[in-house]
Amino acid sequence: MTSSARPFLNRRLAEFGTTIFAEMSALAVATGAINLGQGFPDTDGPEEVREAAVRALRDGRGNQYPPGPGVPELRTAIAGHQLRHYGLSYDPDTEVLVTAGATEAIAASLLALLEPGDEVVALEPYYDSYAASIAMAGGTRVPVTLRPHDGGFRLDLDELRAAVTGRTRLLLVNTPHNPTGTVLTRAELAAIAELAVERDLLVVTDEVYEHLVFDGAEHVPLATFPGMRERTVTIGSAGKTFSFTGWKVGWVTAAPELVRAVRSVKQFLTYVSSGPFQYAVAEALALPDSYFEDFRRSMLARRDILAAGLAEAGFEVFRPAGTYFVTTDIRPLGEKDGFAFCRALPERAGVVAVPNAVFYDDREAGAPFVRFAFCKREEVLREAAQRLRAM
């Protein structure tokens with residue numbers, strides 16, 4: 001290796017090191033702790049979907065490069081899903097793009113739609129890939145913080161409007177929201193849509209937890225609002241809905257010119273991916289409504305087990321209206337530093353969690369909050385709750 005005074009990592013990404021998920025998952029392995037940090041299930045999804053993947057492998061479907069936009073069966077199924085659940089009509093050939101998970105969909109969308117110096121308004125706290133993708137595109141992130149209110153986290157619409165300037169190109173919206181579990185209401189989404197139309201903004205909306213909403217909350221895609229279909233890139237994923245996160249099958253639905261732009265970038269990232277799994281996900285999206293309802297009901301039961309255990313252990317619990325994460329406040333435990341708390345927790349209690357501060361530009365604002373994932377078996381959640389109570 002040659003010596004150089006210049007850092008090897010370019011300055012756009014210098015602030016991003018190893019993700020907190022890798023660090024905390026490694027701690028879970030090293031200590032034998034229960035991993036409630038990273039958001040992946042500890043059981044596989046529907047057997048018929050897994051067998052569909054095996055069938056595709058054996059039949060030689062997808063073992064070579066699939067088509068760049070995704071296999072026709074999956075693109076058709078994605079379009080059918082959007083029409084069936086939301087009344088949104090998309091052309092499978094020109095308005096649907098299959099990606100290597102939602103993470104690639106986010107990165108490709110931002111790389112395609114931003115010019116260096118463009119501002120992106122995003123709801124803080126946000127999934128860590130958002131900040132990295134904005135940086136890779138040369139954009140400037142402008143956070144609008146969801147703040148604790150009445151047992152949850154709420155968006156201040158006045159603050160959102162004030163964040164939009166003449167340099168704003170794009171709104172990056174996530175609902176149901178990771179990590180807070182907030183589900184934006186129809187009225188909030190209508191206000192966001194009005195702002196986007198008024199200021200002629202593009203919107204990228206991450207809706208991967210669309211089928212995980214609880215307590216009467218509803219998921220309403222931004223693309224359903226007046227003037228939004230032609231300016232919105234909607235991102236979905238099979239990993240969260242069908243519990244096959246390792247397959248990395250995501251998608252984009254948008255107007256043809258937006259899909260063309262995103263595809264222009266995607267082809268130079270992964271080109272294609274997940275060949276046989278695409279056929280399986282096509283079958284998964286056609287599962288009856290009972291699957292989606294049973295899945296939601298199962299996650300609701302797990303949420304309640306973990307939320308109750310965390311409350312009994314002394315945390316302040318923000319009960320999520322969506323996703324499979326619970327955010328807690330550690331100050332009632334006499335703690336205030338989420339990083340220190342999470343790094344010590346595996347040894348103290350045999351449980352791994354994630355400090356929410358990693359999802360904030362303003363680390364102090366996120367310092368007392370810690371996120372736990374409840375997409376685990378019920379017996380695992382009960383054991384984790386017992387360990388936390390003992391702590």
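A contact is counted when heavy atoms lie within 4.5 Å. In the protein chain, 75% of the contacts between residues at least 6 apart in sequence join residues at least 24 apart. The model is a predicted one, in which local features need pLDDT of at least 70 and side-chain atom pairs count only at pLDDT 80 or more, while totals for chains, interfaces and linings use all residues. Residues are numbered from 1 along each chain as its sequence is written, and side-chain values use heavy atoms, with hydrogens and water left out.

The protein chain contains 14 helices and 15 strands; helices (H or I, at least four residues) and strands (E, at least two) are DSSP runs, numbered from the N terminus. The chain has a radius of gyration of 21 Å, close to the 21 Å that the globule rule gives for 391 residues, so it is as compact as a globular protein of that length. This radius is taken over C-alpha atoms, and the globule rule is 2.2 Å times the number of residues to the power 0.38. The C-alpha trace spans about 55 × 55 × 50 Å along its principal axes. Of the 391 residues, 58% count as buried, where buried means under 20% relative accessible area, exposed over 50%, and partly exposed in between (1.4 Å probe, protein chains only).

UniProt lists residues 33-388 as "domain: Aminotransferase class I/classII large", in an unreviewed entry. UniProt positions follow the numbering used here, feature names are shortened, and annotations may be inferred rather than shown by experiment. The span 33-388 is 41% helix and 18% strand, and its end C-alpha atoms lie 12 Å apart.

Grid points are joined across faces, edges and corners, and a volume is the space filled by probe spheres set on the points.

The largest pocket has a volume of about 1000 Å³. It is lined by 44 residues, of which T19, F21, Y127, D128 and S129 are the closest to its centre. Helices α1 (20-31), α4 (101-113), α5 (128-136), α8 (238-242) and α12 (338-349) each supply at least two residues of this lining, and α5 gives the most, with 5 residues. By class, the lining has 20 nonpolar, 13 polar and 11 charged residues. In this division Ala, Val, Leu, Ile, Met, Phe, Trp, Tyr, Cys and Pro count as nonpolar, Asp, Glu, Lys and Arg as charged, and the others, Gly among them, as polar.

The second largest pocket has a volume of about 200 Å³. Its lining consists of H85, Y86, E210, H211, V213, H219, F292, E293 and R296. At least two residues of this lining come from each of α3 (72-86) and α11 (289-312), and the largest share, 3 residues, comes from α11. The lining of the second largest pocket divides into 3 nonpolar, 3 polar and 3 charged residues.

The count of cavities of 30 Å³ or more comes to 2. The largest cavity has a volume of about 40 Å³ and is lined by Q82, Y86, E207, E210, T234, I235, G236, W251 and T253.

Two residues are described individually. T253, one of the residues lining the largest cavity, lies in strand β10 and is buried, with a relative accessible area of 0%. Leaving out residues up to four places away in sequence, T253 touches I78, Q82, Y90, E95, V96, T232, V233 and T234. V265 is found in helix α9 (residues 256-266) and counts as buried at 18% relative accessibility. With the same exclusion of residues up to four places away, V265 touches A108, L111 and A112. From C-alpha to C-alpha, V265 and I34 are 38 Å apart in space, and they are 231 residues apart in sequence.

Notes:
1 Å grid on protein atoms, 1.4 Å probe; cavity = no way out; pocket = protein on both sides within 12 Å on 5 of 7 lines; lining within 4 Å.
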